[in-house]
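Trainee: Could we go through this one together? I'd like to start with the salt bridges and then move on to the ligands.

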Amino acid sequence: MAKKGDVVIQIEKCKGCEICLASCPQSVLGMSDKVNSKGFKYAVKVNSACTGCANCAVICPDAAITVYREK
Amino acid sequence: MAENLIKPENLVYEKTNAMTDRVLHYCPGCGHGTAHRMLAEAIEELEIQGETIGIAPVGCSVLAYYYFDVDMTEAAHGRAPAVATGIKRVMPEKYVFTYQGDGDLAAIGTAETIHACNRGENFLIVFINNGIYGMTGGQMAPTTLENMKSTTSPRGRDIKTMGSPLKISELVAELPGTYYVARHSVHTPANVRKTKRAFKKAFQYQKDNKGTCLIEVVSNCPSNWKMTPVESNKWMEENMFPYYPLGDIKVPQ
Ligand SMILES: Cc1ncc(C[n+]2csc(CCOP(=O)(O)OP(=O)(O)O)c2C)c(N)n1
Ligand code: SF4
Ligand code: SF4
């Protein structure tokens, strides 16, 4: 079974570009309904299928994502 | 989730320490931020953060010195390779890079670019090619594609009157002074990782005094291309890559 992972998204850094959504092989990410203090919708987890592959963090232009993976 | 995975021992990816914590001023989805981070990761992984000096351009990345946690200076528009020449000659033991857009490097700075490459100056030139002048509101650049609209080519670039899009990387690859020339992109995770590997190679060649390395990053400008970031990356694949194909252009023999 694939290892389990998790991501932490820094809401205030996110500019809502949505590039991470398309890069996630597990379709873990979606967009918020709320906006951050700059008025951007931000990326959120919509399920718990993350494997910790780090694709989303690698592609994020604003380095807003930190990735964890079980050992 | 049953188990909490968010603890230091499980960390697999976080922002590199070779970048500062400042919030980037770039538009949402702009490739400048990703290109910065890959360059910074290359610097961190090679453990040369304390020995690296960067030169920022004029263009959207004019404030690049806020974001790289290395010594940096700022050049007049297009003059980064001339400034880098001076810095590297005075401090040959340092790792020196310039970071320049296509307006900076391929228009106002063409002479500096070509002559630095021709002299084989021993530094890395990072060339961000988004086919447009981003900072000033979307004017035509030398790299703007045929028929591509910009504020100064509102009916599309006409080759007859405006010339063909300039392939700077192929051009400098012809010069004996260049050692390693490659074209990459930062629009998918796989491409982002390849770009970092190219930056690392270029710094390693610099250590061995091999000559000029130029890494072009074909990038997007969602704001002036007037597309969403995701659309801009798709447009780039379909329109930029056929004319600016990715891959090595000049590799060490
Ligand atoms: C001497 C001089 N001429 C013109 C300008 C105006 N100017 C500022 S940025 C720029 C072009 C930037 O385009 P590019 O290098 O492609 O970078 P981008 O903004 O797309 O990242 C120009 C023409 C200037 N600042 N200085
Ligand atoms: S780490 Fe991989 S699987 Fe997890 S959210 Fe990011 S892209 Fe998706
Ligand atoms: S104007 Fe274009 S190149 Fe400049 S930050 Fe915005 S998207 Fe990036």
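Mentor: A salt bridge here is a side-chain nitrogen of Lys or Arg within 4 Å of a carboxyl oxygen of Asp or Glu. This is a predicted model, in which local features need pLDDT of at least 70 and side-chain atom pairs count only at pLDDT 80 or more, while totals for chains, interfaces and linings use all residues. Residues are numbered from 1 along each chain as its sequence is written, chains are lettered from A and ligands numbered from 1 in the order in which they are written, and side-chain values use heavy atoms, with hydrogens and water left out.

Trainee: How many salt bridges between chain B and chain A?

Mentor: The count there is 0, although the contact (heavy atoms within 4.5 Å) takes 33 residues from chain B and 31 residues from chain A. The buried area, meaning the accessible area (1.4 Å probe) lost by both parts on being put together, is about 2,600 Å², and carbon and sulfur atoms give 65% of it.

Trainee: Switching to ligand 3, what surrounds it?

Mentor: Its shell, counting residues with a heavy atom within 4 Å, includes B:Y26, B:C27, B:H32 and B:C221. Helix α9 (residues 222-225) of chain B gives the largest share, 3 residues.

Trainee: How does the shell around ligand 3 divide into nonpolar, polar and charged?

Mentor: There are 6 nonpolar residues, 5 polar and no charged, where Ala, Val, Leu, Ile, Met, Phe, Trp, Tyr, Cys and Pro count as nonpolar, Asp, Glu, Lys and Arg as charged, and the others as polar.

Terms used
Helices (H or I, at least four residues) and strands (E, at least two) are DSSP runs, numbered from the N terminus. Buried area is the accessible area (1.4 Å probe) that two parts lose on being put together, summed over both.
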